[in-house]
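Please open the model in your viewer and keep the selection panel at hand. The tour below goes from one selection to the next and says what is found at each stop.

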Amino acid sequence: LLPVVILAWAVGHGFIWGAQRLADKGRRMAASTVTNGPSYWWAMLLVWVVHAICFAGLLLRRRWSRLLSATLAFGWAALLGLQVAEHLAPGTPSDTPGVLIAIALMVVLVLFGYYIATSSGTRSFLSH
C-alpha cells in the first residue's frame with residue numbers, strides 16, 4: 001500500500017504544482033489586460049454554485065450528480081482545450097511546459113469524466 005500512497009502523493013502534488021503555475025500565469029495575463037470586473041465576478045460565482053450543487057449531490061448520493069460531475073469534467077477539459085488552442089495560434093508566444101501541463105490536465109479530466117459517466121461502481125454508489 002505504501003508505494004501506491006507515495007505514487008498518489010507525487011502525482012497529486014505534481015498536479016497541484018501545475019495548477020498553481022497555470023493560475024499564476026493566468027493572473028499575470030489578467031493583470032496585463034483590462035477586464036470587466038463585475039461580469040467576471042458573476043461568472044465565477046455561477047461556476048462556484050454549480051460545483052457546490054454537484055458536490056452536495058455527490059454527498060447525498062443523487063443520480064443526477066453523476067452526469068453533472070462528468071459534464072463539469074468535460075467542460076473544464078474543453079475550456080483548457082480552448083486556452084491551449086489560443087497559445088498554439090501562429091504568432092503568439094507559447095509556454096511549452098504550461099501547454100504540456102494543460103494537455104495532461106485535459107487528458108485526466110476527460111478520462112475522469114468518462115469514468116464517472118460509464119462506471120457501474122459509480123452508478124451503484126449513487127443509488128437515489
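A salt bridge, as the term is used here, is a side-chain nitrogen of Lys or Arg within 4 Å of a carboxyl oxygen of Asp or Glu. This is a predicted model, in which local features need pLDDT of at least 70 and side-chain atom pairs count only at pLDDT 80 or more, while totals for chains, interfaces and linings use all residues. Residues are numbered from 1 along each chain as its sequence is written, and side-chain values use heavy atoms, with hydrogens and water left out.

**First stop: the salt bridges**

Select Asp95 together with Lys25, which form a salt bridge whose closest N and O atoms are 3.8 Å apart. Asp95 sits in the loop between helix 3 and helix 4 and Lys25 in helix 1, so this pair ties together parts that are 70 residues apart in sequence; helices here are DSSP runs (H or I, at least four residues), numbered from the N terminus. With a relative accessibility of 19%, Lys25 counts as buried, a word that means under 20% relative accessible area, whereas exposed means over 50% and partly exposed in between (1.4 Å probe, protein chains only).

Arg21 belongs to helix 1 (residues 2-32), so its pairing with Asp95 ties together parts that are 74 residues apart in sequence. Arg21 is partly exposed, with a relative accessible area of 33%. How many salt bridges does the structure hold? There are two.

Although Arg61 is not a glycine, its phi is positive, at about 60 degrees, and its relative accessible area of 37% makes it partly exposed.

Select Trp41, Trp42, Leu45, Val49, Ile53 and Trp64, which together make a nonpolar surface patch of about 650 Å². Patches are made of residues with over 30% relative accessible area and no salt bridge, with nonpolar side chains (Val, Leu, Ile, Met, Phe, Trp, Tyr) joined within 5 Å and like charges within 9 Å; accessible areas come from the Shrake-Rupley method with a 1.4 Å probe, and for residues only the protein chains shown count as cover. Which helix gives the largest share of the nonpolar patch? Helix 2 (residues 37-59) does, with five residues. Trp64 lies in helix 3 (residues 64-87) and, at 44% relative accessibility, counts as partly exposed.

Leaving out residues up to four places away in sequence, Ser69 touches Cys54, Leu58 and Ile116, where contact means heavy atoms within 4.5 Å.

Finally, select Leu80, Val84, Val99, Ile101, Ala102 and Leu105, the six residues of the largest nonpolar core. Such a core is a set of buried Ala, Val, Leu, Ile, Met, Phe, Trp, Tyr and Cys residues joined through side-chain atoms within 4.5 Å. Helix 4 gives the most to this core, with four residues. Val84 is in contact with Val99, Ala102, Ile103 and Met106, its neighbours within four places in sequence being left aside.

How values were computed. Helices (H or I, at least four residues) and strands (E, at least two) are DSSP runs, numbered from the N terminus.
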